[in-house]
Amino acid sequence: MQRQVRAVAVEERGYAEIATVGLLLAILVGFALFLYCRAEEQTVPVTGRTQRVALSEEDQAKLGAGAYRDILAESATEIVRTGPEATLVRRAGERIAEVADDPGFAWEFTLIASPMKNAWCLPGGKVAIYSGILEVAQDEEGLAVVMAHEIAHAIAQHGAERMLQEQLTQVGLLALSTTLGGLDSATRGTLLALFGAGAQLGVLLPFSRDMESEADRIGLIYMARAGYNPEAAIGFWERMAAAREGPEPPEYASTHPSDATRIANLQKWLPEAMEEYRRSTETGTRMLPRRPPWRPLLLPPAPAPRMAAASASD
Ligand SMILES: [Zn+2]
């Protein structure tokens, strides 16, 4: 009799646990659906791909502007405000911004003296070019490749799209963790780590590589519209590959496509961009005056002239 009561009690506790897990799962699935559906479907310019993003354009721009202020404040003494290179960065930036599918960004272009071969554009049109990459760019057309690629990331709202993917992955991890509640912690840890690695390799990294490729393709079109020869992109990415220190990571584990994939894709998209280039140079309607041959960029290596009174709000 006593054994029977205990068995019923255990069974009831089992049901209660299942009900709790079920309820939690329903809440998490509901939350994931809410995140997904709240993000309205929209179309990426140039490629026409449909996407969903985590934040409104307005919120993205606010976040971008805040982050830009912080980063510039941190590197205030490295900001290069005057001189031919800073002028060229602004000019290439303004030329491309003028022909990009601009949703009304408050554009800013900053040259930062640093050996880093890097550049970025935050949501809202806040661009930074590190002087290290000027050596790879070599001239204004090379600089236009970098500029157009980074601007393309921002116009295509890749940051906010990635944010949504990460939020959904986190909810997935939580749901899995809830489902595995009955397992011992070592097994649960292993399964969660496996799921995390699977999501990284199977979803997040491939998405990241697709975004890189999309920025390459949109960038080609933007530089062509601005009157820069898009063929310059091939040479630029070849030089970037040659400048890399250490071996290239395997593509499946990388946020970026391999050098070979990138160059092959650029070759594939080049005819479309050359059409755009011919149109922009023939009609001259959307183009600022060209000044070929482009002046070589010869910025001395960092550190830049120190400016004690440099302010980040410039
Ligand atoms: Zn990129």
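1. Helix axes here are lines fitted to C-alpha atoms over the stretch in contact, and angles run from 0 to 180 degrees between N-to-C directions. The model is predicted. With that convention, take helix H6 (residues 158-179) and H7: their axes cross at roughly 170° and come within 11 Å. Angles over 145 degrees count as roughly antiparallel, and H6 and H7 are therefore roughly antiparallel to each other.

2. Which residues make the contact between H6 and H7? H6 supplies His-158, Gln-165, Thr-169, Gly-172, Leu-173, Leu-176 and Ser-177. H7 supplies Leu-192, Phe-195, Gly-196, Ala-199, Val-203, Leu-204, Phe-207, Met-211 and Ala-215. By class, the contact of H6 with H7 has 10 nonpolar and 6 polar residues, and no charged ones.

3. Next, the core. The largest nonpolar core has 55 residues, and the members touching the most others are Ile-96, Ala-144, Ile-151, Tyr-222 and Met-223. Which helix gives the most to this core? Helix H5 (residues 140-155) does, with 10 residues. As a general point, nonpolar side chains tend to be buried together in soluble globular proteins.

4. Leaving aside neighbours within four places in sequence, Ile-151 is in contact with Ile-96, Ala-97, Ala-100, Cys-121, Val-127 and Tyr-222. Two of these partners, Ile-96 and Tyr-222, are also among the core members that touch the most others.

5. H5 also packs against helix H3 (residues 84-99). The axes of H3 and H5 come within 9 Å and cross at roughly 55°. That makes H3 oblique to H5. The crossing of H3 and H5 is right-handed.

6. The H3 side of that contact is Leu-88, Val-89, Ala-92, Gly-93, Ile-96 and Ala-97. The H5 side is Glu-140, Leu-143, Ala-144, Met-147, Ala-148 and Ile-151. The residues of the contact of H3 with H5 divide into 10 nonpolar, 1 polar and 1 charged.

7. H5 has a further partner in helix H8 (residues 232-243). H5 and H8 pack at an angle of about 80°, with their axes 9 Å apart. That makes H5 roughly perpendicular to H8. Glu-141, Gly-142 and Val-145 of H5 meet Ala-232, Ala-233 and Phe-236 of H8. The residues of the contact of H5 with H8 divide into 4 nonpolar, 1 polar and 1 charged.

8. Gln-138 is in the loop between helix H4 (132-137) and H5. Its phi is near 70°, a positive value in a residue other than glycine. Gln-157 is in the loop between H5 and H6. Gln-157 has a positive phi of about 55°, although it is not a glycine.

9. Gln-157 counts as buried because it has 22 C-beta neighbours inside 10 Å. The cut-off for buried is 20 or more.

10. Last, Arg-209. Arg-209 lies in helix H7 (residues 185-225). Arg-209 is partly exposed, because 19 other C-beta atoms lie within 10 Å. Which residues does Arg-209 touch, not counting those up to four places away in sequence? They are Thr-255, His-256 and Pro-257. Arg-209 and Ala-253 are 44 residues apart in sequence and 10.0 Å apart in space, C-alpha to C-alpha.

Definitions and conventions:
Residues are numbered from 1 along each chain as its sequence is written. A nonpolar core is a set of buried Ala, Val, Leu, Ile, Met, Phe, Trp, Tyr and Cys residues joined through C-beta atoms within 7 Å. A residue is buried if 20 or more other C-beta atoms lie within 10 Å of its own, exposed if 12 or fewer, and partly exposed in between; C-beta atoms are placed from the backbone. Helices (H or I, at least four residues) and strands (E, at least two) are DSSP runs, numbered from the N terminus. Two residues are in contact if their C-beta atoms, placed from the backbone, lie within 7 Å. Angles under 35 degrees count as roughly parallel, over 145 as roughly antiparallel, 65 to 115 as roughly perpendicular and the rest as oblique. A crossing is left-handed if the near helix is turned anticlockwise from the far one by less than a right angle, and right-handed if clockwise. Ala, Val, Leu, Ile, Met, Phe, Trp, Tyr, Cys and Pro count as nonpolar, Asp, Glu, Lys and Arg as charged, and the others, Gly among them, as polar.
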